[in-house]
Amino acid sequence: MENSLTKAFVMMKENKQVFKVSVLTKVCLFINVSEISLKLLNDKKFRKKYKVIQYDSLQSRITVTEYLKKFNISYIVLETSNINHLHKDLANEIVAARKKGVTVYDAHEFYEHINKRIPLVRLKADEYLVDDIFTIGQRQEKFNIKRFIDIIVSLLLVPFAIPLILFGFILIKLSSRGNVLFSQERIGKNSESFTIYKIRTMVSKHDGDFTTKNDSRVNHVGKFLRMTKIDELPQIWNILRGDMSLIGPRPERPHFVKVSNEENAMFDLRHLVKPGVTGWAQVNLPKATPKDNLEKLEYDLFYIKNYSLLFDLLIVFKTIKIVFTLNSN
């Protein structure tokens, strides 16, 4: 296992204690490293911000207390997925560390704290590492007020949206042949299908695959409508109908949902809530490609687990920021 961890860890020889960090560097003591920790530690962004010490509770000759004395430990990250017991001495040391102000995380919690998404680990082709993943979204009552807000905000947007939609229709009609309104089957809450509506931004006939950067299927007017998000405005009707929410996981086509379910059994959990026009995955990965599907899913599940009105407000502000930022580049 040590060979596989060489690139992920700042290695420390117990007999030489070679470990130099700046005062501002946060040092993390990882106890009993396994798949969740590796998923985090293999991230280049994480390694730039944090220095890591690996501690094997079964083999290490140096105690946790000694590490705390020698280094300015900010976090202790305890991996529990690969152990079924904790020695009394180690437990006492972790409790002592807590009393000294050291923050202690379970590996799952630390991953969420750092990345703001839920860690999904596939151990084998037919086996997954799970924690509390199946309990997310069970308190559906907290989403009730979300529906009320969706209706109020959508009704307030209608007077502003209708002129912009008509403007978009005129631009499309003058610049290309075909219907101005685009409709397509998507999968929503509880995996039920619905028809989504947008202003058409592509050529009338295309293969229906994911859009790519500088996609030739998007016409010139369509690029403008996408850039300004005017093409998304007809989805206000989907929100009023109850098919969608203002904020939630992006609804996908049935074919892509089927493929994604085969790739990861947890994908269907994103259908515990209504899909949204924007969402946590969209604001964190605004230029996502199919290879980012797993990361997008982790963001979607984090949103469902941690949903609140303040969280929705944060996503709204981030969405506005991204629209202006991407348009200015």
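**A parallel sheet and the helix across it**

Okay, let's start with two strands: β3 and β4 run parallel and are paired through four bridges. Pairing here takes at least two DSSP bridges between the two strands. Strands and helices are DSSP runs, numbered from the N terminus: at least two residues of E for a strand, at least four of H or I for a helix.

Some ground rules. What you're looking at is a predicted model, where local features need pLDDT of at least 70 and side-chain atom pairs count only at pLDDT 80 or more, while totals for chains, interfaces and linings use all residues. Numbering goes from 1 along each chain as its sequence is written, and side-chain values use heavy atoms, with hydrogens and water left out.

How confident is the predictor? pLDDT is its confidence in each residue, on a scale from 0 to 100. The mean for the protein is 84, with 85% of its residues at 70 or more. Residues 1-19 have pLDDT below 50, though that stretch still makes 38 contacts in the model beyond near neighbours in sequence. Where pLDDT is low, the predicted coordinates should not be read in detail.

Now the overall picture. The protein has 13 helices and ten strands. Of its 329 residues, 43% count as buried; that means under 20% relative accessible area, with exposed being over 50% and partly exposed in between, using a 1.4 Å probe and protein chains only. A contact means heavy atoms within 4.5 Å. Of the contacts with a separation of 6 or more, 72% are between residues 24 or more positions apart.

Back to the sheet. What order do its four strands come in? The order is β2-β1-β3-β4, in an open sheet with parallel pairing. At the edges you find β2 (50-55) and β4 (103-106); each has a single partner strand, so one side of each has no neighbour in the sheet. From one strand to the next, the twist averages 25°.

Let's walk across it. Strand β1, residues 26-31, is joined to β2 by six bridges, running parallel, and leucine 29 sits opposite isoleucine 53 in β2. Towards β3, five bridges hold β1 in parallel pairing, and there the bridge partner of leucine 29 is isoleucine 76. On to β4, where tyrosine 105 stands opposite valine 77. As for cover, six of the six residues in β3 are buried.

So what lies over these strands? Helix α6 does: it lies across β1, β2, β3 (73-78) and β4, at about 105° to β4. A word on angles: axes are lines fitted to C-alpha atoms, for helices over the stretch in contact, and angles run from 0 to 180 degrees between N-to-C directions.

Helix α6 (107-115) also packs on helix α12 (293-306), at an angle of about 100° and with the axes 12 Å apart. The two are therefore roughly perpendicular; that label covers 65 to 115 degrees, while under 35 is roughly parallel, over 145 roughly antiparallel, and the rest oblique.

Which residues meet there? From α6 we have Tyr111, Glu112 and Asn115, and from α12 Glu298, Tyr299, Phe302, Lys305 and Asn306. By class, this contact has three nonpolar, two polar and three charged residues. Nonpolar covers Ala, Val, Leu, Ile, Met, Phe, Trp, Tyr, Cys and Pro; charged covers Asp, Glu, Lys and Arg; polar is the others, Gly among them.

Let's zoom in on phenylalanine 302 in α12. Is it buried or exposed? Phenylalanine 302 is buried, at 9% relative accessibility. Leaving aside neighbours within four places in sequence, phenylalanine 302 contacts Glu112, Lys116, Arg117, Ile118, Trp280 and Phe311. Arginine 270 is 32 residues away from phenylalanine 302 in sequence, and their C-alphas are 9.7 Å apart.

Over to another pair of strands. Seven bridges link β7 (181-187) and β8 (193-199)... well, the residue ranges come from the loop between them, and the bridges run antiparallel. Leucine 181 has isoleucine 199 in β8 as its bridge partner. This hairpin has five residues between the strands, and asparagine 190 there has a positive phi near 60°. Asparagine 190 is exposed, at 51% relative accessible area.

One more positive phi to finish: lysine 229, about 70°, and not a glycine either. Lysine 229 is in the loop between α8 (220-228) and α9 (235-241), and it is partly exposed, at 41% relative accessibility.

Conventions: pLDDT is the predictor's confidence in each residue, from 0 to 100.
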